[in-house]
Amino acid sequence: MNSNGKLAEILAQYSFERGNLVPILQNVQEVFGYISRDTVGEIANHVNVSCSDIYGVATFYTMFRFKPVGRKHINVCRGTACHVKDADQILDQVQRVLGINEGETSADGEYSLETVACIGCCALAPCMTINKDVHGRLTSKKALKILGTAVKEEE
Amino acid sequence: MSEITLKIDGIEIKAAKGDTVLDAARRAGIRIPTLCAHPALEPLGSCRLCIVNIEGMRGNPTSCTTPATNGMVVHTRTEEIVELRREIIKLLLSNHTSPCLVCNDRTLCEKYRPRPLKAGKTTRCTFCANRDNCELRQLVAEYEINDFDLPIIYKNIPLERRDPFMDRDYNLCVLCGRCERICKKIHGKGTLSFINRGEDARIGTAFGLDHTEADCKFCGACIDICPTGVLADRFAKWHGAPDRFAETSCVLCPLGCRVRLSLKEGKVLGGGMTDLSRAGRICALGRFGLAQLLSNPRRLTAHRVRIADGLIKTDYEDAVSEAASRLLPFKGDSFALLTHPQASREEIYILDKFTRQVMKSKNIIITDAATASNYAIPAEVKALYMTGDLVDTADQARLATLDALVIADLFPSAAQEAAHVVIAAAALAETDGTFVTASDEIRPLTKAAVPAAGLNPDWRIICDIAKNMGASDFDFESTEQIKEEMTATGFLVAPGKAPVPSPLDNVRALPQRYRGHLISDIVIALRDIGGHAKPAASPEPAPASDNRPFRIIEKIEVVPNTHITTIHAPAIAEKCLPGQFVIAMVSEKSERIPYTICDFDREKGSITLVTLELGRSSRELALLGTGDCLAHVAGPLGEPVEVKNYGTVVCAGGCYGVGAIFPIARAMKEAGNRVICIEEASSHYLLHWQDKLSAVCDEFLIVTKDGSVGMKGGIQDVIAMLVKRGEKIDQSYIIGCTFMMMLVSRVAKELAVPVQTAMNPIMLDGTGMCGACRVNLDGEMKFACVDGPFFDGLKIDWEELIKRNSAYGMQEVESLPQSGVRVLTLAQACRCENK
Ligand code: SF4
Ligand code: SF4
Ligand code: SF4
Ligand code: FES
Ligand code: FES
């Protein structure tokens with residue numbers, strides 16, 4: 001089924017009410033991985049509000065993303081435990097190595113980078129995840145190594 | 001109205017049921033400050049400025065959202081309330097770029113700079129187009145705030161100026177939400193919304209799209225309701241506050257919307273809604289187009305008559321009598337008169353009367369404004385009068401075969417090349433009358449603007465021609481007299497058809513033509529509307545070894561508006577000395593503008609220029625990026641400073657001067673001086689090059705207007721401090737805006753400190769070098785371009801200099817480009833992709 005069809009299917013489950021906005025957005029993100037300009041347009045028509053309002057609501061919640069995730073989605077933890085162990089330095093390192101900023105996806109669609117409040121692995125602080133794999137007790141060097149292998153693997 | 005009675009500040013007040021406490025207070029003339037509230041909007045209650053104390057109620061309710069009830073006792077100005085309001089204002093100011101508000105030199109600054117300076121980004125009030133109308137400034141004055149408790153947070157949101165008609169600088173936004181509420185109120189689904197949350201919360205469109213892509217109607221309501229300078233009408237912004245408003249009707253399409261014109265010194269700055277509601281809405285042409293049609297550089301200002309092969313300028317009387325004698329021989333149906341429906345009823349009546357009664361012809365044709373000019377001239381016609389560019393393009397050749405062609409118009413056209421007489425006309429808000437709308441309502445047109453000397457409206461032109469031909473019934477002194485006669489004769493002007501789709505709902509359905517001219521040829525910004533092209537694919541960055549002359553090796557906006565551009569120019573780098581400048585042309589068509597050299601590297605063959613984006617030419621340079629080339633750079637020019645060991649040398653700079661003092665400080669240090677560098681900025685977010693300057697001096701001092709870093713004050717205060725602590729200053733170099741150098745020179749004179757001040761090239765922006773750079777040095781005339789840039793600050797007649805600089809003000813404002821900025825370079829293109 002093409003993406004238009006899938007979107008129509010999602011929208012069909014909800015009545016035309018503003019109150020359904022967040023569940024719709026959640027559902028769309030689950031299916032498509034992110035919320036695109038086109039889907040915002042369709043949703044806007046469905047619940048009869050402007051695109052900017054949809055975008056306003058969506059950006060109010062941290063859970064929504066507006067660019068497709070990369071094939072390797074990286075989450076750097078900035079929770080308290082990681083923060084005191086210099087998570088910012090890890091984030092800097094990752095940004096440098098991948099050449100993208102937090103919230104961005106690399107041009108080739110390979111990597112995307114986000115930060116999270118806490119992964120729940122405080123014992124391993126500072127840590128990050130690449131897709132479902134957790135990497136803990138990071139140092140700048142270790143992060144470089146992990147990403148280096150990740151970069152290599154795909155070549 | 002069912003009445004209630006309440007007591008506010010001890011006064012018994014009768015209010016209507018349904019009134020809020022704020023409404024009731026206003027009825028009694030009691031002022032409660034507000035920000036998010038606006039008479040055209042439903043209250044939101046978010047800014048909390050309007051808090052009051054109500055007996056028996058807990059907390060301090062917001063009066064804009066609290067219903068007034070019978071017997072209520074309200075206090076609006078208790079000590080506690082006033083103190084809380086001051087806190088709220090200070091909090092607002094920490095998110096607003098207004099260091100000028102607490103500047104010690106504010107009064108003098110505004111006296112010497114009566115109009116704000118036309119900068120790119122608004123980093124302070126002096127650079128704010130809204131300065132004269134700002135509600136925050138009023139609040140600060142009312143609550144006597146002279147210091148900030150919290151430093152200003154400059155958010156560094158990119159300036160949004162890609163759209164037609166409006167510029168947006170959200171660094172000034174206080175999140176009152178008026179704009180997004182008025183947009184929704186008027187258009188249902190709005191273009192603007194609150195987006196993001198917490199610290200990142202701001203107003204914007206979905207995905208940061210341009211307004212042209214976000215269904216904006218360009219009605220301008222958001223601009224008109226914004227209490228601060230975030231949103232600005234690009235055309236009107238640097239003219240200052242209007243001195244007059246006038247209600248009229250727009251005649252550009254048959255809807256004939258009510259428009260509230262804002263005027264300054266007889267010139268229309270813009271249109272606006274008479275009522276900020278859905279019913280009162282107007283389109284982009286009513287809001288911005290009318291003003292730009294009237295005050296347009298392409299307006300015809302001279303009348304012309306044909307002598308042999310050429311059209312030569314003449315005065316109005318001569319043009320009228322020439323028109324009369326050309327047309328007179330063609331009475332009967334060999335004469336035709338062509339006019340347009342964007343005219344008053346009185347005008348159409350008088351043109352009709354002239355055609356039928358004086359010219360004895362039945363050929364009076366009113367073209368269709370919506371479509372292209374569409375009149376094919378019948379074979380029998382030998383003489384034609386038309387009030388615009390109204391003949392079919394296919395029929396243009398036919399014009400040359402006419403025995404007489406008289407055109408009354410506002411703008412040039414190809415048809416005029418074949419004309420025997422061209423009369424420049426006054427129109428729209430330059431004349432009055434009445435207009436019949438698509439809904440068959442008769443609406444008044446008001447004469448509000450002052451036309452250029454010698455220009456008359458169409459009705460008067462035709463009356464004068466008729467009288468010149470000897471007709472007796474054309475002695476009208478006003479449109480009122482014409483209307484009386486028209487009514488008596490039962491003359492009717494048929495209403496036009498309402499356009500579908502309506503320009504009110506769709507910016508792509510705006511009226512296309514005025515008097516037959518494509519409006520987008522005249523109001524250039526209109527070209528930006530309609531699925532506009534995205535910036536062209538970024539050019540590949542040029543390889544590092546690229547040696548094209550005047551290539552930009554590096555270009556950064558070091559702080560908002562201050563651009564540092566390093567250019568490949570080995571010949572200049574080879575020779576240049578501290579204190580010198582270059583003259584550059586950004587493109588082949590640009591003016592030649594002086595730019596200050598703030599660094600040079602003889603080995604690499606590069607020079608570095610510093611510019612403040614403040615006007616047209618500096619904007620051109622500001623918009624270039626790494627890899628671009630300047631068309632030409634000449635230099636080094638000007639007298640270098642005399643480098644030797646003076647003892648103690650002060651090098652002080654503000655704005656662009658921070659960069660400009662660097663090579664001087666470096667040379668003075670190398671010559672063995674004890675160097676003290678002073679950097680002045682309005683606020684912390686404008687400080688730059690601290691490291692570079694620190695490295696070339698013995699002492700580095702910072703002074704800010706708002707006291708956010710270093711001393712509070714200006715360079716003059718630091719110099720006074722230095723003298724007070726016993727420093728003997730043997731020489732000083734001061735570079736920055738003329739106003740700052742004047743302040744420093746005054747203090748230096750009192751303290752007998754020698755000062756060399758650099759005549760400020762950016763102050764001459766847009767005027768070139770000649771004459772404008774004259775400096776009066778103790779009665780002796782000097783020229784900055786040859787004798788300068790440095791002059792003894794103690795001898796300069798500063799008052800005269802500042803006056804001369806501002807004399808060029810209006811010309812420069814008018815030369816600013818009106819279309820949205822489409823940035824093509826690599827650096828800028830990717831920045832736009834940021835949210
Ligand atoms: S110009 Fe009018 S339509 Fe566009 S954002 Fe402002 S209020 Fe909305
Ligand atoms: S842009 Fe102006 S009107 Fe809109 S929220 Fe900001 S300050 Fe208020
Ligand atoms: S729709 Fe626009 S052009 Fe037409 S009358 Fe109204 S404001 Fe003027
Ligand atoms: S004016 Fe009442 S809360 Fe803003
Ligand atoms: S008030 Fe203008 S710089 Fe201070």
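**Exercise 1.** Determine how many salt bridges the rule finds across the interface of chain B and chain A.

*Solution.* A salt bridge requires a side-chain nitrogen of Lys or Arg within 4 Å of a carboxyl oxygen of Asp or Glu. Lys184(B) is paired with Asp53(A), with 3.0 Å between the closest N and O atoms.

The model is predicted: local features need pLDDT of at least 70, side-chain atom pairs count only at pLDDT 80 or more, and totals for chains, interfaces and linings use all residues. Side-chain values use heavy atoms, without hydrogens and water.

**Exercise 2.** State which residues of chain B lose the most area to chain A.

*Solution.* Step 1: in contact (heavy atoms within 4.5 Å) are 16 residues of chain B and 19 residues of chain A. Step 2: the buried area, which is the accessible area (1.4 Å probe) lost by two parts on being put together, summed over both, is about 1,300 Å² between chain B and chain A. Carbon and sulfur atoms give 58% of this area. Step 3: within chain B, Lys189(B), Arg197(B) and Phe207(B) lose the most area to chain A, together 49% of what that side buries.

**Exercise 3.** Classify the shell around ligand 3 by residue class.

*Solution.* Step 1: the residues around ligand 3 (a heavy atom within 4 Å) include Cys250(B), Leu252(B), Ile282(B), Gly286(B) and Pro511(B). Step 2: Ala, Val, Leu, Ile, Met, Phe, Trp, Tyr, Cys and Pro count as nonpolar, Asp, Glu, Lys and Arg as charged, and the others, Gly among them, as polar. Step 3: the shell has 10 nonpolar, two polar and no charged residues.

Note on methods
Residues are numbered from 1 along each chain as its sequence is written. Chains are lettered from A and ligands numbered from 1 in the order in which they are written.
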